[in-house]
Amino acid sequence: MTENVLSFEDALAIVLKQAHGLATPTALEVLPLLETRRRVLGRRILADRDQPPFDRSTRDGYAVRAADVTAGRTLLVLGLIRAGERWRGDALGDGQAIEIMTGAPLPAGADAVLMVEHAVPLGEELQPLQGRSLSKGDNVVPRGAEAHNGDSLLPTGCVIEAAEIAVAASCGAARLEVFAKPRVAIVATGDELVELGKTPEAFQIRNSNSYALAALVDDAGGEAVRLPVARDTLADLRARIAEGRETDLLLLSGGVSMGKFDLVEQVLAEYDAEFFFTGALIQPGKPIVFGRLAREDSGWTYFFGLPGNPVSTQVCFHLFVAPMLRALAGQTDLVPRFVEATLAGPVKGGAKVTRFLPAEMTSAWDGVSVRVVGWQGSGDIAANARGNCYAVLPAGVEAFAAGETVRLLLR
Ligand code: AMP
Ligand code: MG
């Protein structure tokens with residue numbers, strides 16, 4: 001098997017190219033609106049009428065003709081319109097006003113709303129405050145200004161959160177069509193691994209990666225299928241990979257480094273895997289493997305061989321697996337999320353690879369700052385949990401000073 005180790009940028013570009021090339025999922029589910037949270041919209045939502053459906057007052061005040069609001073002029077108040085009512089009287093005429101509440105429809109003949117704060121009521125009449133004038137359309141959102149009947153309000157592929165639920169509800173959609181979740185097989189490999197519920201010997205390690213991956217898969221919109229641990233034997237790996245290739249995405253952790261018992265790539269190669277890369281110049285996570293296996297049904301199961309060190313596993317998930325999984329789930333926004341922040345303290349650089357260090361980001365009114373969390377390397381699960389993101393240190397830079405801007409990988 002030929003090694004193919006890419007720069008971080010090239011590796012990400014290949015993942016994104018494969019992800020963008022996937023066909024839109026076809027399987028849909030219909031769910032009650034509030035059960036669609038964090039799911040991916042499978043059929044776009046169209047406005048079922050103009051929004052707003054009438055010329056809507058945005059203020060409590062008086063519906064008027066803007067031109068009538070001039071110094072010293074007194075207007076006759078004809079009545080009142082509440083939200084949820086419409087004006088049943090005649091159209092507003094010259095020098096007339098109708099009291100109106102926020103959210104109520106503008107009466108015929110009016111073209112603006114004078115805010116209640118800008119009017120002095122005088123019994124049946126009102127006088128605009130000295131110096132106040134109005135233009136046509138002030139304090140009114142015209143019918144259809146937000147959307148016209150039939151406009152697309154939510155595209156296929158958007159993730160449904162509270163803002164999207166509000167839009168769906170405003171269109172009367174009590175149930176939504178969402179994409180069925182892709183199934184993601186998770187196979188932890190390693191002779192040292194012990195499942196939860198068993199007491200590890202001093203030389204054994206609990207299998208935490210399967211659980212971390214299951215949670216990450218759920219976050220990215222997949223249905224995690226945790227398979228039993230594969231021991232570092234050809235027979236075990238063959239059996240797990242045979243099971244895993246029947247799902248939409250296969251995640252293996254461990255067994256992709258240079259050790260004598262790192263057999264994952266060998267077994268994938270036996271299954272005629274197509275490898276897109278077998279490493280990326282990143283730390284942690286350098287041995288990451290990405291490829292695909294042909295399936296019986298003539299489709300492909302994409303796979304990632306993730307390095308077993310828990311922080312490597314998680315960083316590689318955020319960088320490479322999440323974009324692929326989001327695409328399989330039907331999402332259109334795939335790219336890992338990077339933001340910029342100010343370093344709170346100096347950090348040593350000089351690595352030959354792009355580094356992703358567990359870090360703690362603090363957002364405040366005056367900006368986002370970040371502090372790298374002290375850690376013992378890519379096995380340090382606890383340090384990883386003390387952080388809430390990863391500081392990205394580009395290759396080749398000798399040192400990073402406090403106050404410098406760095407990129408963060410969000411998680
Ligand atoms: P490997 O990539 O198989 O060489 O494993 C690298 C390191 O990660 C070793 O110290 C393993 O014990 C540890 N490791 C591998 N798999 C897991 C797992 N599923 N959960 C926790 N640690 C793991
Ligand atoms: Mg191993």
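The model is predicted, so local features need pLDDT of at least 70 and side-chain atom pairs count only at pLDDT 80 or more, while totals for chains, interfaces and linings use all residues. Residues are numbered from 1 along each chain as its sequence is written, and side-chain values use heavy atoms, with hydrogens and water left out.

**Helices H3 and H6**

- The axes of H3 (residues 209-219) and H6 (residues 310-328) come within 11 Å and cross at roughly 30°, and the two helices are therefore roughly parallel to each other (angles under 35 degrees count as such).
- The crossing in which H3 passes H6 is right-handed.
- Contact (heavy atoms within 4.5 Å) is made from H3 by Asn209, Ala212, Leu213, Leu216 and Val217, and from H6 by Pro310, Thr313, Gln314, Phe317, His318 and Leu325.
- By class, this contact of H3 with H6 has seven nonpolar residues, four polar and no charged ones.

**Helix H2**

- In H2 (residues 162-170), the buried residues are Glu164, Ile165 and Ala168, where buried means under 20% relative accessible area and exposed means over 50% (1.4 Å probe, protein chains only).
- Seen down the axis of H2, these buried residues fall within an arc of 100°, so they line one face of the helix.
- Exposed residues Ala162 and Ala163 are carried on the face of H2 turned away from its buried side.
- The buried residues of H2 pack against strands S3 (45-46), S12 (152-154) and S13 (175-179).
- Gly172, which follows H2, has a positive phi near 80°.

Note on methods:
Chains lettered and ligands numbered in written order. Axes fitted to C-alpha atoms, helices over the stretch in contact; angles between N-to-C directions. Helix = DSSP H or I, 4+ residues; strand = E, 2+ residues; numbered from the N terminus. Parallel < 35°, antiparallel > 145°, perpendicular 65-115°, else oblique. Left-handed = near helix turned anticlockwise from the far one by under 90°. Nonpolar A, V, L, I, M, F, W, Y, C, P; charged D, E, K, R; others polar. Arc of directions from axis to C-beta.
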